[in-house]
Amino acid sequence: MISLFILVPLTSVILLNLFKGSLINKIACWFGMLLTLVQIYLIVFPVTCFWDNLSNPLGNYFILNLSADTLSKVMLLMIGIVTFISLMIGQYTYHEETQKFNFANLIILALSGMNGIVLVTDIFSLYVFIEVVAVASFILICLYKDKAGFESAFKYIILSIAATVFMLLSIVLLFLISGDTTFTAINIASKNPTYGFILVVAIGLFTCGAFTKGGLVPFHSWLPDAHSSAPTSISILLSGIVIKVSGLYPLIRLLTMTGGGNESIKNILLIVGTVSILVGALAALGQNDIKRMLAFSSVSQMGYIVLSLGTGTMLGLVGAVFHMFNHSVFKSQLFANSAAVEKQTGTRDMNKLGGIAQKMPFTGTTSIIGMLSICGIPPLAGFWSKLIIVIALWQTAHYGYAFVAVIASVITLAYFLSLQRRVFFGKIASGLENIKEAKAGLIIPVVILAAVTILVGIFFPFIMEKLIMPVGDILK
Amino acid sequence: MINILILLPFIAGLFILAMPKKARGITGFVVLLVTLINLFITIKLFRTTAMVSFPWAGFGIDFALRLDHFSSFIILAVAGFGFLISLYAVTSMKGTEIYNQFFAYLLVSLTLANGAVLADNLVVMLFFWEGLLVTLFAMITIGNKQAYKTAVKAVVLVGISDLCMMVGIGLTAHLAGTLSMSGIKLGLQSSGGVAYILLMIGAISKAGSMPFHSWIPDAAVDANLPFMAILPAALEKLLGIYFLARISLEMFSLTPDSWISTLLMIVGGITILFAVMMALIQKDYKRLLSYHAISQVGYMVLGIGTAVPAGIIGGLFHMINHAMYKSTLFLTGGSVERQAGTTDLRKLGGLGAKMPITFACFIVAAAAISGVPPFNGFFSKELVYDGALERGWIFYAMAVAGSFFTAASFLKLGHSAYLGKINDGHKNVKEAPITMLIPMIIIASLCILFGLYNSLPLHNLIQPILGEHRLEGHHFSGFPENMMLVIVTVVVLIAAYLNHIFGVKKSGSGLGAVDHIHHAPVLSGIYDKAEKRFFDPYNIGLGIVNIFVVILFKIDRIIDWIVDNFTVKVTYVFTNTIRKIHTGDAALYLSWSLGGMILIVLYIIVR
């Protein structure tokens with residue numbers, strides 16, 4: 001039945017377009033939200049008969065085997081949450097009917113693609129679904145049809161093509177040594193020592209592709225432009241989930257199915273992770289545009305996840321997945337906050353903002369929660385995932401990297417404090433005396449996400465035991 | 001029943017604290033009612049035994065309360081003082097801004113004192129014990145404008161000693177394997193001795209012994225007077241000595257041949273002498289009394305430290321006697337302050353005729369504290385002397401010398417405040433209101449009763465604490481058996497009186513009666529330094545801390561420079577570089593991407 005995760009969104013996109021009309025236009029967003037809510041419900045309250053793999057209608061007609069392990073479930077949950085939030089924000093920020101309808105359509109398509117990525121069991125189908133998500137994202141970025149949107153979408157396409165080339169090359173190599181593209185076949189082939197060199201090169205190439213999709217330095221250059229010029233609801237989708245599902249998730253899959261590659265792969269992950277953390281954080285420090293700063297911050301946080309993967313241990317994997325989850329929550333929230341600020345003040349330039357926390361108390365408070373979490377202040381969610389990452393690094397004797405991870409937290413704090421100070425604290429900037437708090441449509445999502453951040457932090461042992469630690473099972 | 005002792009005053013205290021300003025009229029009524037109920041319950045519980053325990057925090061920390069003879073006696077005394085001093089304070093504090101606050105803290109203190117006495121679990125006891133530190137702080141803070149500093153001083157000093165006690169409790173629990181006080185039986189060898197000393201520090205500093213004493217004289221001036229009468233004069237002495245006796249007699253077996261016993265006696269002797277010497281030269285009614293509150297603790301610590309039955313009985317008897325006459329003395333001081341408007345001895349004089357009942361109470365209490373027969377202080381001091389003499393003449397000499405100075409300083413105090421010429425501004429001073437006199441009269445008559453009929457307290461209250469088997473057949477009531485000691489005491493008292501006459505003749509006034517001692521060649525230098533707080537452990541500690549502060553500040557400046565200038569500059573160099581290379585050129589971005597790929601593949605191939 002898990003194929004419904006892919007089939008339902010896909011058919012709904014088709015049906016929505018077949019019966020296009022003013023009524024459908026209105027309900028499209030709500031329908032998408034319903035889909036994501038059902039998805040979240042199915043993860044949080046598992047229905048046994050749904051998850052067993054016996055009835056697979058898609059598999060009977062296409063040669064497509066799906067399976068959902070613990071990692072997939074966490075990813076499905078993340079996809080559900082972020083897509084839901086993105087739809088909620090989009091529902092409120094788009095005014096033109098067609099635009100809203102197109103937005104809903106493409107998001108549901110991307111949902112189908114992302115669900116596909118995390119459920120498939122062969123690497124070529126994985127690639128196909130990555131492309132589905134990418135195509136949806138290209139259009140979503142330039143949904144406003146302005147110059148900046150087209151330019152950044154163009155950059156994204158260019159670099160995505162490069163990533164595609166890397167990935168396809170790698171898939172070809174893997175096909176060469178295993179004779180098949182399924183995960184199991186690759187797993188068996190990876191244990192054959194004669195293929196060692198080709199395997200490592202294949203992993204290296206695939207890693208390059210994944211780095212591009214995930215926005216790691218030096219493959220990150222599309223990310224700040226795309227995230228900052230896209231509509232905010234799209235920024236939430238991109239930064240919150242797309243870069244993780246189409247970039248880091250395939251990387252995790254490949255690494256786990258090939259046994260993590262050799263030492264040089266681990267070194268590459270560690271080095272690229274560290275460089276991303278530092279470059280992302282330092283670049284964020286110099287930004288004046290809220291969304292651009294958040295985008296660079298995403299680069300930096302992706303660095304943490306890759307760094308954690310570089311340890312190659314179970315704890316590292318767990319820390320990476322947990323940080324992915326937390327990042328998807330608080331970064332979506334911070335982008336949603338920026339949407340509220342932009343909506344109410346008409347600008348994202350931090351130099352023109354100031355002191356708006358007194359006028360927008362909900363936005364101000366939740367953004368502080370998100371900021372504290374991303375900087376790793378206990379007891380919020382971000383603290384625990386960073387702690388696990390640092391412990392994982394320490395256990396594998398990567399003291400230098402652990403030190404960088406901690407120091408970069410300070411830089412993170414520095415740029416987020418500068419954001420808070422320039423936007424929310426202090427005296428109110430001239431011209432903003434009459435602004436009001438954003439409407440409920442923008443407040444409810446951020447409050448939900450801030451609550452998730454706090455609750456995950458406080459009930460960390462419970463979340464850890466039920467949701468995150470089981471992810472380690474996929475290594476067995 | 002026991003639970004009421006802990007719950008009722010606490011709830012009443014919170015109620016009073018939360019009461020609106022308009023309802024202030026009933027505060028006094030509520031306080032008196034609650035303290036009276038508290039008193040009745042303790043009377044009812046007196047001489048009964050009980051054990052209450054329910055699980056609390058885990059790890060062997062049960063909420064265990066134990067009522068036995070000793071604890072029932074102490075809570076009875078606490079309740080008695082609580083009621084009488086509330087009665088006094090209801091009048092003396094009337095009309096002040098902090099009326100409700102004061103009584104709220106007083107009632108909470110009662111709860112905490114009851115809890116600390118009744119607790120059978122060391123952690124539970126610590127909980128209540130530390131709670132008293134909070135109310136102590138609160139009650140000092142609501143005094144005059146400088147009170148905040150004194151409150152901090154008190155918290156720092158008592159806090160340090162409580163920290164020692166905390167460590168001691170940890171060590172004791174580790175050694176004994178249990179936190180239950182009734183289940184602990186330890187020796188004084190090696191780490192057992194360390195544990196005992198740590199617990200002892202907590203106990204004697206609560207009682208106000210040196211070297212954790214120096215907040216008391218400051219609080220005497222800065223805090224409200226009923227606070228001084230209830231906490232440092234009565235409750236804290238009772239609690240501190242109670243706990244000292246508990247650890248010395250029950251949990252550890254203090255024997256005369258152990259060095260710790262000698263240590264306790266040295267602490268006691270030094271406290272007696274040094275504090276009384278300071279008391280001698282004070283020119284303020286309350287400050288003088290507060291130094292005596294420290295000095296008298298020395299007798300109790302010395303008595304228990306002797307570890308012989310006479311000394312221990314004497315020390316415990318002195319504890320209850322001291323609580324009585326010292327609170328009376330503070331209450332007379334409060335009356336004088338309220339009626340005459342000052343406690344500065346230079347401005348007082350001749351009040352005896354105007355306030356005869358207060359004067360009479362003062363005479364009784366002063367005679368008791370100086371150890372004049374047949375008041376209660378005389379008998380307890382004789383027992384302490386007896387014990388001290390058994391252990392060494394030097395301790396006896398210290399105690400007797402203390403007695404001499406005590407008598408001298410009270411002669412001076414009485415003379416300068418109540419006799420002599422009346423100040424012009426005090427011509428119309430009247431006797432204090434009746435509600436303030438009643439507590440004084442009751443406690444003062446108890447002082448006489450406990451003296452004349454001393455077998456009543458000794459037989460019923462003190463001796464059962466030790467148990468028959470430890471008394472070795474002695475009975476300590478009645479007139480002292482050792483006539484030598486009595487003769488020495490009388491001689492010392494006469495000497496003190498002669499000294500007073502001499503001093504008055506030499507200086508011409510009651511206030512200057514001890515000036516010849518104050519300005520004696522060597523002593524005057526020491527006194528000058530002591531008056532400048534040269535020997536105050538708090539100030540010495542502050543000095544040491546200040547050195548660290550200076551060093552750390554210098555280090556901090558360096559770190560500051562590194563963080564504020566160096567790091568920021570370096571960071572911005574990187575940040576600007578990174579900003580500059582992000583030109584937005586798609587071809588450049590693509591070349592980074594390909595370059596990265598080539599580097600990664602090369603890295604793999606070369607390895």
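Trainee: What am I looking at, and how is it numbered?
Mentor: This is a predicted model, in which local features need pLDDT of at least 70 and side-chain atom pairs count only at pLDDT 80 or more, while totals for chains, interfaces and linings use all residues. Residues are numbered from 1 along each chain as its sequence is written, and chains are lettered from A and ligands numbered from 1 in the order in which they are written.

Trainee: Back to Lys145(A). Where does it lie?
Mentor: Lys145(A) is in the loop between helix H7 (123-141) and H8 of chain A. Its phi is near 60°, a positive value in a residue other than glycine.

Trainee: What about Ala397(A): what is its phi?
Mentor: Phi of Ala397(A) is near 65°, again positive in a residue other than glycine. Ala397(A) sits in the loop between H17 and helix H18 (399-423) of chain A. With 10 other C-beta atoms within 10 Å, Ala397(A) is therefore exposed.

Trainee: Which residues does a cis peptide bond join in chain A?
Mentor: One such bond joins Val217(A) and Pro218(A), with omega about 5°. Another joins Pro378(A) and Pro379(A), with omega about 0°. Pro218(A) is in the loop between H10 and H11 of chain A, and Pro379(A) is in the loop between helix H16 (361-374) and helix H17 (381-395) of chain A.

Trainee: How many helices and strands does chain A have?
Mentor: Chain A has 20 helices and zero strands. Both are DSSP runs numbered from the N terminus (helices H or I, at least four residues; strands E, at least two).

Trainee: How much of chain A is buried?
Mentor: Buried residues make up 59% of its 476 residues. Tyr92(A), in helix H5 of chain A, counts as buried because it has 22 C-beta neighbours inside 10 Å.

Trainee: What does Tyr92(A) touch?
Mentor: Not counting residues up to four places away in sequence, Tyr92(A) touches Gly441(A) and Leu442(A). Being in contact means C-beta atoms, placed from the backbone, within 7 Å. The C-alpha atoms of Tyr92(A) and Ala440(A) are 9.4 Å apart, although 348 residues separate the two along the chain.

Trainee: At what angle do helix H5 and helix H12 of chain A cross?
Mentor: The axes of H5 (residues 70-93) and H12 (residues 232-257) of chain A cross at roughly 165° and come within 8 Å. Axes are lines fitted to C-alpha atoms, for helices over the stretch in contact, and angles run from 0 to 180 degrees between N-to-C directions. H5(A) and H12(A) are therefore roughly antiparallel.

Trainee: Which residues make that contact?
Mentor: H5(A) contributes residues including Met75(A), Val82(A) and Ile89(A), and H12(A) residues including Ile236(A), Gly240(A) and Tyr249(A). The contact divides into 13 nonpolar, seven polar and no charged residues. Ala, Val, Leu, Ile, Met, Phe, Trp, Tyr, Cys and Pro count as nonpolar, Asp, Glu, Lys and Arg as charged, and the others, Gly among them, as polar.

Trainee: New topic. How many residues of chain A are in contact with chain B?
Mentor: 25 residues of chain A are in contact with 22 residues of chain B. H10(A) gives the most to the side of chain A that touches chain B, with seven residues. That side has 17 nonpolar, six polar and two charged residues.

Trainee: And how many residues are in the largest nonpolar core?
Mentor: The largest nonpolar core has 197 residues, and Val78(B), Leu238(B) and Cys447(B) are among those with the most contacts inside it. Helix H9 (residues 225-251) of chain B gives the most to this core, with 18 residues. Another core lies apart from it, with 183 residues, among them Ile241(A) and Met350(A). A nonpolar core is a set of buried Ala, Val, Leu, Ile, Met, Phe, Trp, Tyr and Cys residues joined through C-beta atoms within 7 Å.

Trainee: What is Ala399(B) in contact with?
Mentor: Leaving aside neighbours within four places in sequence, the partners of Ala399(B) include Gly269(B), Tyr299(B) and Val384(B).

Methods:
Buried ≥ 20, exposed ≤ 12 C-beta atoms within 10 Å, placed from the backbone. Contact = placed C-beta atoms within 7 Å. Parallel < 35°, antiparallel > 145°, perpendicular 65-115°, else oblique.
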